[in-house]
Protein chains: 6
Amino acid sequence: MRLLLLNPNTTEALTQRLALSAATVLPADVELLPLTALQGFPYISSRAEAQIAGAAVLDLLAQHEGRFDAAVIAAFGDPGLSAARELFDLPVTGLSEAAMLSALALGERFAFVTFSPRLTPWYEEQVTRAGLGMRFAGTFTPDATLGSIAAVAEEMRAPLVETCRRAAAHADILILGGAPIAGLAGDIADEVPAVLLDPVKAAVLQAVSLHRLRPSGADKGSYARPPAKDSTGLSPALAHRIAGKDAPDAP
Amino acid sequence: MRLLLLNPNTTEALTQRLALSAATVLPADVELLPLTALQGFPYISSRAEAQIAGAAVLDLLAQHEGRFDAAVIAAFGDPGLSAARELFDLPVTGLSEAAMLSALALGERFAFVTFSPRLTPWYEEQVTRAGLGMRFAGTFTPDATLGSIAAVAEEMRAPLVETCRRAAAHADILILGGAPIAGLAGDIADEVPAVLLDPVKAAVLQAVSLHRLRPSGADKGSYARPPAKDSTGLSPALAHRIAGKDAPDAP
Amino acid sequence: MRLLLLNPNTTEALTQRLALSAATVLPADVELLPLTALQGFPYISSRAEAQIAGAAVLDLLAQHEGRFDAAVIAAFGDPGLSAARELFDLPVTGLSEAAMLSALALGERFAFVTFSPRLTPWYEEQVTRAGLGMRFAGTFTPDATLGSIAAVAEEMRAPLVETCRRAAAHADILILGGAPIAGLAGDIADEVPAVLLDPVKAAVLQAVSLHRLRPSGADKGSYARPPAKDSTGLSPALAHRIAGKDAPDAP
Amino acid sequence: MRLLLLNPNTTEALTQRLALSAATVLPADVELLPLTALQGFPYISSRAEAQIAGAAVLDLLAQHEGRFDAAVIAAFGDPGLSAARELFDLPVTGLSEAAMLSALALGERFAFVTFSPRLTPWYEEQVTRAGLGMRFAGTFTPDATLGSIAAVAEEMRAPLVETCRRAAAHADILILGGAPIAGLAGDIADEVPAVLLDPVKAAVLQAVSLHRLRPSGADKGSYARPPAKDSTGLSPALAHRIAGKDAPDAP
Amino acid sequence: MRLLLLNPNTTEALTQRLALSAATVLPADVELLPLTALQGFPYISSRAEAQIAGAAVLDLLAQHEGRFDAAVIAAFGDPGLSAARELFDLPVTGLSEAAMLSALALGERFAFVTFSPRLTPWYEEQVTRAGLGMRFAGTFTPDATLGSIAAVAEEMRAPLVETCRRAAAHADILILGGAPIAGLAGDIADEVPAVLLDPVKAAVLQAVSLHRLRPSGADKGSYARPPAKDSTGLSPALAHRIAGKDAPDAP
Amino acid sequence: MRLLLLNPNTTEALTQRLALSAATVLPADVELLPLTALQGFPYISSRAEAQIAGAAVLDLLAQHEGRFDAAVIAAFGDPGLSAARELFDLPVTGLSEAAMLSALALGERFAFVTFSPRLTPWYEEQVTRAGLGMRFAGTFTPDATLGSIAAVAEEMRAPLVETCRRAAAHADILILGGAPIAGLAGDIADEVPAVLLDPVKAAVLQAVSLHRLRPSGADKGSYARPPAKDSTGLSPALAHRIAGKDAPDAP
């Protein structure tokens with residue numbers, strides 16, 4: 001199968017980091033197709049930015065439709081996830097939802113650990129949306145100030161370890177959220193008394209499983225394709241998809 | 001005060017209907033500024049469409065910034081509501097949130113009544129997002145098939161009354177959701193054994209109250225303005241706003 | 001419209017303080033009618049006292065019926081709120097419910113801040129009653145000992161600011177509960193990294209909005225007027241009202 | 001031990017019915033002291049009436065303090081329960097809370113069955129107050145019209161059996177709420193495929209158990225006695241109690 | 001009545017401790033029959049051990065069926081409770097469920113206090129199973145290391161008092177869980193600003209009450225006896241019971 | 001990898017049916033090892049039976065330890081799941097948990113459909129245990145009487161389709177629970193307006209994913225291995241495992 005790893009941020013270095021982490025769990029028969037957004041923000045960190053990026057995710061999926069069998073929206077707040085599931089005949093997964101579902105099978109209570117308190121409201125909306133509040137222990141962030149997005153995992157390693165230890169008093173599963181710290185979970189596992197989860201790994205594995213379980217995604221219920229509809233001002237590919245037509249260049 | 005009534009659908013007739021309903025509760029010192037989206041969909045009815053429309057709402061607000069003191073996003077699923085609250089220094093309300101908050105003061109359990117089952121998943125996400133599930137009794141829709149969006153309130157009057165009666169066995173407050181049936185609540189109140197709520201009235205009154213309570217909106221916490229940020233590919237007005245600058249042409 | 005501001009405590013100075021705070025948000029066309037309870041307690045601070053005061057609230061409303069269009073029960077635990085909504089054909093609001101509903105539109109998670117831990121169980125019953133636990137972060141009180149009720153806002157200013165700062169680590173909206181600290185929110189807003197809410201302002205604005213939305217209050221469902229009933233030992237005005245008769249001296 | 005069975009309704013016949021049902025489960029060493037309210041309503045059936053009756057319950061308990069070791073407030077909506085627990089140094093139980101707690105040990109999901117839909121909002125407030133919504137399946141009432149309160153159990157036997165059968169599709173434990181149908185559970189048990197609970201039996205047994213477990217009631221936390229307080233306009237006995245003094249005539 | 005006190009641990013000293021604590025609340029007409037498991041673990045402290053012990057509980061109950069009228073499963077995590085209620089025609093109670101139900105009538109929010117963090121996940125499953133999360137404040141344990149199980153209550157007295165004080169900041173009712181600290185609640189009550197509950201007392205009293213309320217246990221709904229069934233490899237007594245036959249040697 | 005498919009029922013034909021369904025989604029590099037319980041019940045259908053079977057599951061896993069890399073407990077109520085995760089250094093999944101987690105990514109609200117109402121309390125305990133009640137719509141069963149367990153899927157096909165259609169009015173994802181109807185989901189998908197899920201497929205795919213994500217299972221937190229412990233009366237293999245020793249014959 002061909003798995004699209006769609007980074008909705010415009011920072012190519014993050015895509016590389018995510019792909020590297022994903023590769024460590026990828027089955028041999030899965031081809032990973034990394035893709036970086038061309039429009040939007042270097043790094044999405046608010047609901048306003050996620051609202052805009054989520055719309056851009058739909059556009060990118062429409063433009064590349066036919067070239068992949070499943071897709072991962074590779075930003076922790078899952079911009080555009082419900083919308084993408086409605087529009088496309090294939091499984092789509094998101095980093096936060098996938099990490100939460102994995103957490104439920106590995107422990108009792110999960111927490112988010114991330115590098116900036118600005119991310120908290122957006123990230124916690126994912127817990128609410130998923131109805132998983134009964135097993136959520138909160139979001140934990142370091143006091144330290146963020147340097148550059150590209151080097152967060154290295155520069156903030158020590159404060160993040162200390163934040164994980166603090167979070168471990170409240171949760172037994174810690175989800176390290178945010179693309180810039182993809183892969184960090186593996187590096188610091190020995191220093192934290194809790195199970196650490198790397199969301200991109202969870203999301204890639206979930207996409208592979210859903211592809212085996214239902215290659216077409218949900219075709220009824222909440223995520224059924226909506227009726228064809230006219231639109232104004234959208235890109236041709238997205239307008240085409242919303243008008244209910246198959247991708248023009250699907251193989 | 002100047003109150004923007006932003007219809008994120010592209011159908012001008014819906015804007016008229018919403019403005020008419022809003023006018024019946026508007027205090028004398030409030031000037032209503034109706035605005036219809038130029039891009040998007042005649043009538044938003046899925047989460048995919050709401051994802052795209054929510055981004056367009058931000059764009060419209062940015063373009064008109066400085067001309068209004070508070071804004072109502074006049075579609076029942078509140079596309080872009082959290083995002084708009086983050087970005088703009090003034091109160092923004094949405095039809096579904098405002099209707100739910102009014103319902104909590106008028107009865108014990110509320111239900112949504114709308115004209116098409118396609119709207120259910122999107123509408124119910126608003127209940128989940130708001131954490132109000134304990135007082136929600138479900139969404140009720142007629143079996144009848146929808147004719148034209150512009151004439152729903154008239155063509156489907158009888159099946160909607162019958163749906164309201166059915167819903168009244170489960171809830172004491174019925175929220176008639178969907179711009180095409182704005183105003184219907186008043187017309188059929190005598191035929192239904194429950195309190196009927198018209199969302200646009202609730203949203204307009206909430207915006208007026210918030211303007212008196214906090215003219216600048218929330219300036220701390222979840223809806224505080226995010227740090228200024230660069231972007232690629234956005235309209236100049238929206239890019240300007242996200243870059244943390246005041247509207248260039250604010251009076 | 002004529003808005004009754006009913007202070008169920010017997011301390012006249014609290015009524016003045018509440019009226020002063022209310023006045024800052026009152027629309028020009030609203031006449032505020034402050035009223036202080038003649039029987040009961042100088043300051044209600046337990047569920048036992050609220051049980052008794054709630055009955056007295058109904059009596060006062062019955063005695064003054066016809067002289068006002070909407071009423072605010074101006075004690076934070078909303079004594080008699082559900083009961084009053086059942087009995088009277090007009091909107092009634094309460095300080096805690098109104099503050100919570102405003103909080104839902106201004107942030108994600110709200111907390112109560114008040115001056116005495118004795119108030120906590122009574123206040124938190126309001127969160128439970130309203131079904132809003134998913135968005136509640138707890139009640140925070142200073143360690144300092146309370147001096148006189150009349151001068152709480154001044155004498156405990158510093159410990160309350162420090163309590164607010166502590167609460168701000170758990171919630172983004174802080175509701176300053178308790179009539180003796182009405183108005184304090186505005187004074188200390190700059191010293192606390194959270195949005196501060198003054199309940200009496202919220203309750204007054206909610207009453208004004210409900211009066212525009214439904215001047216008769218809910219006439220069906222949970223808050224519909226109960227059937228007329230005989231009673232023994234009640235004041236004539238309240239017995240009259242419960243017997244389903246209009247106020248004898250309504251204008 | 002001496003157990004006060006306080007009927008907050010003014011109908012003596014209901015007290016007899018409740019005492020009769022209680023007697024079937026009473027241990028030999030418990031003396032039951034039935035007491036009927038002299039003021040209030042023949043039969044409480046709304047939150048307004050419960051607000052008033054709850055205050056009267058406190059008064060009655062204060063007047064009889066010293067003559068009993070524990071008390072049952074014998075109306076299904078538990079008027080004045082929290083307040084009474086705060087004020088008196090002994091266990092107090094209520095019909096709905098006791099029935100719900102018994103239900104939790106006898107099945108998975110409980111429902112209320114009662115004879116009039118008017119009672120529903122008041123009764124369901126008890127589920128919310130207790131935080132037991134996850135195990136509650138709703139309130140079920142017959143369509144039949146109520147005749148006289150004194151003869152409900154006999155006149156409405158058939159519709160109540162049919163209502164119980166309907167409720168049994170949603171719950172495995174049915175609580176027959178309302179003093180007028182005390183004892184009915186035993187009569188119709190064979191006709192309903194669910195466990196039927198008689199609240200007054202549950203409340204009497206809970207009071208006996210609490211008296212063995214903690215004869216003084218809770219003396220710390222939520223139900224600790226509030227600080228002594230002055231009051232205006234209360235009966236001497238109640239004012240005395242609230243002023244923190246022991247009953248003048250306690251043995 | 002004859003009340004079986006079944007200790008599923010193999011440590012006889014714990015049975016003595018539990019019986020001693022139970023005796024302080026036992027009505028005069030109840031004969032307590034203590035029974036210690038012969039197979040299993042000296043002290044159950046994980047879900048794996050509880051899974052095995054719960055099956056052994058069923059076996060012991062089957063072997064002694066006919067010699068008792070009600071049973072208490074005397075380990076805090078209630079191993080085999082639901083299963084025992086299904087299989088036997090009499091009331092069965094468990095330490096954690098009974099303590100939680102008592103707590104609901106004595107305060108607002110309860111916490112568990114126990115001597116080892118290893119017990120937390122197993123104990124908290126009981127809160128979840130009972131649907132009581134809205135009133136639960138967490139599990140609190142000392143940092144101190146556990147010495148011998150038999151002497152926990154004495155050796156860890158000081159750290160447990162200090163843990164209770166810490167827990168009292170979050171809950172007003174503290175349940176001291178774990179058979180090895182049965183009876184401790186009474187000893188340290190004066191040193192902790194919260195109501196302390198001893199689970200074995202609560203469980204014994206609940207069993208006595210249920211025996212008066214429904215001597216046969218629930219015979220319909222969730223805990224109705226399952227249809228008779230063949231089995232392989234079970235003890236004769238348990239196979240007999242599951243085959244739907246009465247105890248061969250019932251009196 | 002080697003994946004143990006452990007059927008805790010003693011009916012070999014069910015194991016075949018489960019293996020057949022699992023095979024349709026199994027990656028090429030996974031070897032499936034079906035195993036049927038030798039002791040217990042032909043078909044587990046109550047919590048009493050699950051309590052016993054769950055203990056037997058631990059025994060079987062201990063006896064075969066070293067021969068597999070991950071295990072599926074192939075009964076819908078997941079007997080012994082938490083316990084097995086604690087004891088063994090590898091991923092263990094269960095049919096109901098895995099199906100629920102898959103459902104969360106394919107729709108909004110899931111329901112269980114099964115062939116006998118006797119299974120309902122046991123199955124619904126899994127929803128409660130997992131904290132997923134906010135997305136659960138109930139259990140639906142046919143009125144038809146069950147014939148033989150081995151032929152349920154064929155004999156009850158029509159009533160199960162009709163039950164699914166009824167359930168589809170309440171949920172968009174239907175989980176067909178119970179080993180005897182493994183595989184049915186695929187057969188009847190076209191006849192039901194909802195997404196149908198086959199739990200054994202979900203559980204197998206989850207085990208494969210967890211094996212890639214964490215081959216050793218959770219080694220910290222809720223599912224960390226408990227300390228070594230002595231025991232009495234267990235099988236040598238299980239006693240060995242609980243004593244914290246590796247399987248004697250691990251390869």
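Helices here are DSSP runs of H or I with at least four residues, strands are runs of E with at least two, and both are numbered from the N terminus. This is a predicted model, in which local features need pLDDT of at least 70, side-chain atom pairs count only at pLDDT 80 or more, and totals for chains, interfaces and linings use all residues. Residues are numbered from 1 along each chain as its sequence is written, chains are lettered from A and ligands numbered from 1 in the order in which they are written, and side-chain values use heavy atoms, with hydrogens and water left out.

Let us start with helix α4 (residues 95–106) and helix α9 (residues 199–213) of chain B, whose axes come within 8 Å and cross at roughly 85°. Axes are lines fitted to C-alpha atoms, for helices over the stretch in contact, with angles from 0 to 180 degrees between N-to-C directions. Contact means heavy atoms within 4.5 Å. On the α4(B) side it involves Leu95(B), Glu97(B), Ala98(B), Ala99(B), Leu101(B) and Ser102(B); on the α9(B) side, Pro199(B), Val200(B), Ala202(B), Ala203(B) and Gln206(B).

## A helix in chain C

Next comes helix α1 (residues 12–23) of chain C. Its 12 residues, at 1.5 Å a residue, should span 16 Å, and the end C-alpha atoms are 17 Å apart, which agrees. The expected span is 1.5 Å times one less than the number of residues.

Several residues of α1(C) are buried, among them Leu14(C), Leu18(C) and Ala22(C) (under 20% relative accessible area, with a 1.4 Å probe and protein chains only). Their cover includes β1 (2–7), β2 (31–36) and α9 (199–213) of chain C.

## Aromatic pairs

Over all chains, the structure holds 48 aromatic pairs. Rings of Phe, Tyr and Trp (its six-membered ring) pair if their centres lie within 6.5 Å; planes over 60 degrees apart count as edge-to-face, under 30 as stacked and the rest as tilted. Phe110(B) and Phe136(B) form a tilted pair, 5.5 Å centre to centre with 45° between the planes. Phe110(B) lies in strand β5 (residues 110–113) and Phe136(B) in strand β6 (residues 136–140) of chain B, so the pair ties together parts 26 residues apart in sequence. Phe110(B) is buried, with a relative accessible area of 1%, and Phe136(B) counts as buried at 16%.

The rings of Phe112(B) and Tyr123(B) have centres 6.4 Å apart and planes at 85°, so this pair is edge-to-face. Both residues, Phe112(B) and Tyr123(B), are buried.

Technical notes. Buried < 20%, exposed > 50% of the residue type's maximum accessible area, 1.4 Å probe, protein only.
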